[in-house]
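Please look over the sequence and the model shown below before reading on. The report that follows moves from the chain as a whole to its charged side chains.

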Amino acid sequence: MNAEKLIRRSAIGLAFAGLLAGGAYAQSPDLAPTPQQQDIQNDKKDIRSDKKDLAKDRADRDADQRDINKDKRDLAKDRADRNKDQRDINHDRRDLNKDRADRNADQRDINRDKAQLVRDDKQFGANSAQAQADRKDLRADRADRNADQRDINHDRRDLNKDRADRNADQRDINHDKADLAKDRKDRNQDQKDINKDKKDLHKDRKDLRKDRRGHK
């Protein structure tokens, strides 16, 4: 009877040990997955990578589009500034031409007054009423001529400043155009990357479905 119990206990112990060993074997990390399982894992990894690439390229594309919109606003503003500066230049030129004409007219008046003064001094004397009037006219014409010359100098400064502003705005326009072209190129490249990412994602999802079916 004792021998029978001993045999029974030994058999149960062996069976239990076998179960433990089988479970440990099944859970062993050293067991390599089957080729089908490995393909599925690789496909899932590729899909995750594709989604990350797609999200990044979309973010880059959207950032480039915002840059393009900003470049367009900057370009429009710089063109408006350049056009305003050109109008100021045209106005300065008209003012300068008018002031030069006035200055030249005043100079002719001065020359005429000088000649009249010489004649009146000879004919009526230096202290005569005619000579005094000529001197008064001469002083007035010189004052006008000097005022016109100051206006000319002021017009020249304005003209130079407006030309400098116009040239600076033109450089800004050229820079904006270059930025716009670059950002458009980047946006287009990002869109190409997005299209490629979508194809890769579609292909990897198709591979995953195929591997799950067991390569059927």
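## Surface and overall make-up

In this predicted model, the accessible surface of the protein chain comes to about 15500 Å², and carbon and sulfur atoms account for 50% of that area. Of the 216 residues of the protein chain, 20% count as buried.

The protein chain contains three helices and zero strands, and its elements follow the pattern α-α-α when read along the sequence. Among contacts between residues at least 6 apart in sequence, 86% join residues that are at least 24 apart.

## Helix 3 and the residue after it

Helix 3, which covers residues 129–212, has 84 residues and reaches 122 Å from its first C-alpha to its last, a span close to the 124 Å expected at 1.5 Å a residue. After helix 3 comes Gly-214, whose phi is positive, near 80 degrees.

## Salt bridges within the helices

The count of salt bridges comes to 12, and three of them are described here, beginning with the pair formed by Asp-109 and Arg-112, whose side chains meet at 2.2 Å, N to O. Because Asp-109 and Arg-112 are three residues apart in helix 2, about one helical turn separates them. An α-helix has 3.6 residues a turn, so residues three or four places apart point the same way.

In helix 3, the side chains of Asp-165 and Lys-161 meet in a salt bridge of 3.0 Å, N to O, and these two residues, being four residues apart, are likewise separated by about one helical turn. Asp-165 is partly exposed, with a relative accessible area of 28%, whereas Lys-161 counts as exposed at 51% relative accessibility. A further salt bridge joins the side chains of Lys-203 and Asp-207 at 3.2 Å, N to O; both residues lie in helix 3, four residues apart, about one turn of the helix. Asp-207 counts as partly exposed, its relative accessibility being 24%.

## A buried aspartate without a partner

Which side chain of opposite charge is nearest to Asp-50? Asp-50, found in helix 2 (residues 35–124), is buried yet has no salt bridge, and the nearest side chain of opposite charge is that of Lys-196, 7.2 Å away.

When its neighbours within four places in sequence are left aside, Asp-50 is in contact with Asp-200, Leu-201 and Asp-204.

Definitions and conventions:
Residues numbered from 1 in each chain as written. Predicted model: local features only at pLDDT ≥ 70, side-chain atom pairs only at ≥ 80, totals over all residues. Heavy atoms only, no water. Buried < 20%, exposed > 50% of the residue type's maximum accessible area, 1.4 Å probe, protein only. Lys, Arg positive; Asp, Glu negative; His and termini not counted. Salt bridge = Lys/Arg side-chain N within 4 Å of Asp/Glu carboxyl O. Contact = heavy atoms within 4.5 Å. Expected span 1.5 Å × (residues − 1). Areas by Shrake-Rupley, 256 points an atom, 1.4 Å probe, with all protein chains shown as cover.
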